[in-house]
Amino acid sequence: MIALWFDDGSVSINESFNTNFNFDEVKMKENIQVYGLGFLLIIGGFLLANQFVKPSPPRSITIATGSQSGAYYAYAQEYKKRLAEKGIELNIISTSGSIDNIQRLKNQEVDLAFVQSGTGQIDNAKDQESTLVSLASLYYEPLWLFMPTSKAVFKTSDLKGKRVSIGSDGSGTRALVRVLLENNGINNNNTELFEVDGDEGARRLIEGELDYTFVVASMNAPLIKSLLANNDIAPFDFERAKAYTRRYRFLSSVELPRGVIDFSRDIPQKDINLLSAAATLVARNDIHPALVALLMQVLDDAHSEGGVLEEPGQFPSEHYVDFPLDSSAQRYFDYGPPLLQRYLPFWVAVLVDQLKVFLIPLLALMIPLMKILPPVYRWRVRSRIYRWYRDLRSIEERMRAANEKDTEIKLLAELIGLQEEVTNQAAPLSYTDELYHLRSHIALVHEKISNKIYNATDPESI
């Protein structure tokens, strides 16, 4: 309620004004409206970026190997220890061999598998290229033909009519040996071919139940070491190994030097030419990229030193693989381990790698918002002051046009209400100067209006 008294009597003006307006409350609302919108934009950017972030790699994976007496199984045990140090559990499944392993990958029973090079080509598994990828070749895996020293042969064709084991069904050995025997005119019609695994074939050979046995295995396989150390058993010398490599590009010709197995016993007693495939590690094409990078480091640690048949640094290799090389594995061969995994623990590196995707919306939105939001906020706050100026100018213009004393008194009361409203505000320091300017301008207009009402002598005084 505003009451004014003049010389000619008392005049009461019933006008109410909002004198409870709180600048701090307005400031809080302005902050919420302006900066809250920026916060929502950033959250939206994060949600959008999250669509492009791969989930974390699994903490448990499964690998298919071969028989428990083979090198595949032994190397899988080594991988298991190394991966456990990084917080990854490796489950090992013993299988009948490479063909079986490819089928298990296709059926999504396992995540990784050892596969003998050439198996995909020989056994028509090439149609799996769209779902399988190679990570690397790991070491040479020679084709061994063991025979009693009393029944030594010098040509593959001499096996015709004999009792020969060619590897178990589902093994890479069987797939490769059948191709080589067919090239030499040997098949089930003219030769007794037994489909048994390497361990069983070796046992029957030693006991005289077989004349010859084929095995594809690493030099480090316990079975191969035991057969090479047996004085009654001799390995076949593939003198035409280079010819086979020209026909089958997934094969290599390697030499087993004389005496390299045992110098004191001179085993072998001459240089032996071997026809060799390569052990490869194959995965499904949905394998996590971070996991591939970790596996490549494990493979590097396990195989880079080389062996009797391999030069140091020759393996792991991007060569001798049947299936397309995984893109993350290719980057490893080209540039080495990812930068983050070189200096950070694996899971920390994975977390940082995921978070860096969020830096894109953060930087893309935060930088412009930091430049835009403060001016927007200043404009929003100043608009409140501008509104008061607008009201002040309206009162002044209406007073100029007023001819009746009652109208002038009402306008003065309105101005007094505006003055009280502004006076009761607590402005931030950064806007205090503007608020005080407004108060001084209100006081100026108040003085002019008062002079007009009281004096009423100078119509141009307002």
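**A walk around strand β9**

Start with strand β7 (residues 163-165), which runs parallel to β9 and is joined to β9 by two bridges. Helices (H or I, at least four residues) and strands (E, at least two) are DSSP runs, numbered from the N terminus, and two strands pair if DSSP finds at least two bridges between them. What you have open is a predicted model, in which local features need pLDDT of at least 70, side-chain atom pairs count only at pLDDT 80 or more, and totals for chains, interfaces and linings use all residues. Residues are numbered from 1 along each chain as its sequence is written, and side-chain values use heavy atoms, with hydrogens and water left out.

Now select V164: opposite this residue, in β9, stands Y212.

Next, bring up strand β6 (residues 132-148), which pairs with β9 in the antiparallel sense over four bridges. Click on F146, and its bridge partner in β9 is T213.

Then select β9 itself, residues 212-216. Five of its five residues are buried, so the strand is largely enclosed by the rest of the structure; buried means under 20% relative accessible area (1.4 Å probe, protein chains only). In a regular strand the side chains alternate between the two faces of the sheet. Here Y212, F214 and V216 are buried on one side, and T213 and V215 are buried on the other.

Last stop: which residues line the largest cavity? Select L143, T156, L180, L181, F214, F238 and Y244. A cavity is a set of points on a 1 Å grid over the protein atoms alone where a 1.4 Å probe fits but cannot get out, and lining residues have an atom within 4 Å of a point. The largest cavity has a volume of about 30 Å³, a volume being the space filled by probe spheres set on the points.

Notes: 1 Å grid on protein atoms, 1.4 Å probe; cavity = no way out; pocket = protein on both sides within 12 Å on 5 of 7 lines; lining within 4 Å. Buried < 20%, exposed > 50% of the residue type's maximum accessible area, 1.4 Å probe, protein only.
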